[in-house]
Amino acid sequence: MEQVMERSVEQGAEAPVLGLPANYYRSPEVFRRARERIFLKSWLFACHASRLPEPGSYFAFSILDQDLFVIRGRDGGLRCFFNVCRHRGHALVEGVGRSRVLVCPYHAWTYDLEGRLRGAPGTRGLANFDAAGICLTEVKLEVFCGFVFVNLDPEARPMGEVFPGVEAAVRALCPDIDDRAFAEEHEAEEACNWLVAVENYNECYHCKVVHKTFASGVIDPQSYNISGFGETQCLHHAAKAQSGAGAWYDTSGSDYGSFFLWPGFSLQIYPSGLVNTYHWQPLAPEATRVFRGWYSRDGTIDDDLRKVIDLDRDTTFAEDLTLVKSVQRGLGSLGYRPGPLVINPREGIDSEHSIAKLHDWLREAVDV
Ligand code: FES
Ligand SMILES: [Fe+2]
């Protein structure tokens, strides 16, 4: 065996890069480590700023078992708080809405839009009750090209340091990105680990096989490439626009670009500046929620955008749901063995070098 290995080295042959063992996608312990070391420490997408138009507008969401909400204050600023009352822990808001103050549904403690306790029934005159010292627990928040991100780690570095240069690259491709407005979102539960879904998104080796309408309707597959974005945990997808007879809409004007921000968000600019997103929320080791968002110039959906949203949902989006479910089931097979990734040093659509990067980022975090 040693002789064989020596000869391989002499001839310059490299061992193939293998996929990950199945436990990375199935084990509750790996999932627990990913929660603590990745999701509770990374910048995660909450919602688009346009969904919070006025003081008091709020948007409730969850990151795993943590319930949160973003709210616009009287000062116009956006803040994120844990969705938990400082009295005995009831949730404060649900869904999307607007309120002048936040009134807890349990005992009616009332908070202002900046999270300060303003009223608690029956506490006036109580010597041992200090309302002034009670405030909702705040979470770090940043707006990235109009998209609101939060980070549960109080020590987190700013997004500009974590993803240097990415905002500028997005704006170079889509100069009016900061003025977009939320148009529509749909979501689905995927029967797979979050990394299976994220891997599937971050390679286009399967596009010509499975996403025939996307590969003939949106992008020119031969030009597709995914590359690292400097040393950041970002993957940059780029392709020329598809202009053939099968194009879904008028794709002239600008090409395709997508920016995947580890661990669970991707901002896609379809040709001619059609902005859309994916984001993934882990639910359990083998369950993930995927959200597909669309953003237009004024929040309305014209005929072209309607056609693209519906076509995408019925083809690419639906096709990926089937793929990831089958892969997750395969990972539970007694016959599963990690296979070789197809890595081409020249990259290109048929190369899975991007998958190897995702594996490195996962293992950096979860390996003991
Ligand atoms: S738990 Fe909110 S007022 Fe009691
Ligand atoms: Fe896909």
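Biologist: Where is Pro263 found?

Modeller: Pro263 sits in the loop between E14 and E15. Strands (E, at least two residues) and helices (H or I, at least four) are DSSP runs, numbered from the N terminus. The model is predicted: local features need pLDDT of at least 70, side-chain atom pairs count only at pLDDT 80 or more, and totals for chains, interfaces and linings use all residues. Residues are numbered from 1 along each chain as its sequence is written, while chains are lettered from A and ligands numbered from 1 in the order in which they are written.

Biologist: What is the peptide bond from Trp262 to Pro263, cis or trans?

Modeller: Cis, with omega near 10 degrees. Most peptide bonds are trans.

Biologist: What do E14 and E15 form?

Modeller: A hairpin, with three residues between the two strands.

Biologist: How do you know that E14 and strand E15 (residues 265-270) pair?

Modeller: Strands pair if DSSP finds at least two bridges between them. E14 and E15 have five, in the antiparallel sense. Gly257, for one, has Ile269 in E15 as its bridge partner.

Biologist: And how many bridges join strand E13 (residues 234-239) to E14?

Modeller: Six, again with the strands antiparallel. Here Cys234 has Leu261 in E14 as its bridge partner.

Biologist: Why is strand E14 (residues 256-261) called largely enclosed?

Modeller: A residue is buried if 20 or more other C-beta atoms lie within 10 Å of its own, exposed if 12 or fewer, and partly exposed in between, with C-beta atoms placed from the backbone. Five of the six residues of E14 are buried, so the rest of the structure largely encloses this strand.

Biologist: Which order do the seven strands of the open sheet have?

Modeller: The order is E11-E17-E16-E15-E14-E13-E12, with antiparallel pairing.

Biologist: What makes E11 and E12 edge strands?

Modeller: Strand E11 (181-190) and strand E12 (225-228) have a single partner strand each, so one side of each lacks a neighbour in the sheet. On average, neighbouring strands are turned by 15 degrees against each other, direction ignored. The partner of E11 is strand E17 (residues 287-296), joined to E11 by nine antiparallel bridges. Among them, Glu184 has Trp294 in E17 as its bridge partner.

Biologist: Which strands does helix H9 (residues 303-331) touch?

Modeller: H9 packs on the sheet and touches E11, strand E16 (274-284) and E17. Contact requires C-beta atoms, placed from the backbone, within 7 Å. The direction of H9 makes about 25 degrees with that of E11. Axes are lines fitted to C-alpha atoms, for helices over the stretch in contact, and angles run from 0 to 180 degrees between N-to-C directions.

Biologist: Why is H6 called roughly antiparallel to H10?

Modeller: The axes of H6 (residues 194-201) and H10 (residues 353-366) come within 9 Å and cross at roughly 150 degrees. Angles over 145 count as roughly antiparallel, under 35 as roughly parallel, 65 to 115 as roughly perpendicular and the rest as oblique. H6 is therefore roughly antiparallel to H10.

Biologist: Which residues in H6 and H10 meet?

Modeller: Leu195, Val198 and Glu199 in H6 meet Ile355, Leu358 and Leu362 in H10. These divide into five nonpolar, no polar and one charged.

Biologist: What is the phi of Leu64?

Modeller: Phi is near 55 degrees, positive in a residue other than glycine. Most such residues have a negative phi. Leu64 lies in the loop between strand E2 (57-63) and strand E3 (66-72).

Biologist: Why is Glu347 called partly exposed?

Modeller: Glu347 has 16 other C-beta atoms within 10 Å, which makes it partly exposed. Its phi is positive too, about 60 degrees. Glu347 is in the loop between H9 and H10.

Note on methods. Two residues are in contact if their C-beta atoms, placed from the backbone, lie within 7 Å. Ala, Val, Leu, Ile, Met, Phe, Trp, Tyr, Cys and Pro count as nonpolar, Asp, Glu, Lys and Arg as charged, and the others, Gly among them, as polar.
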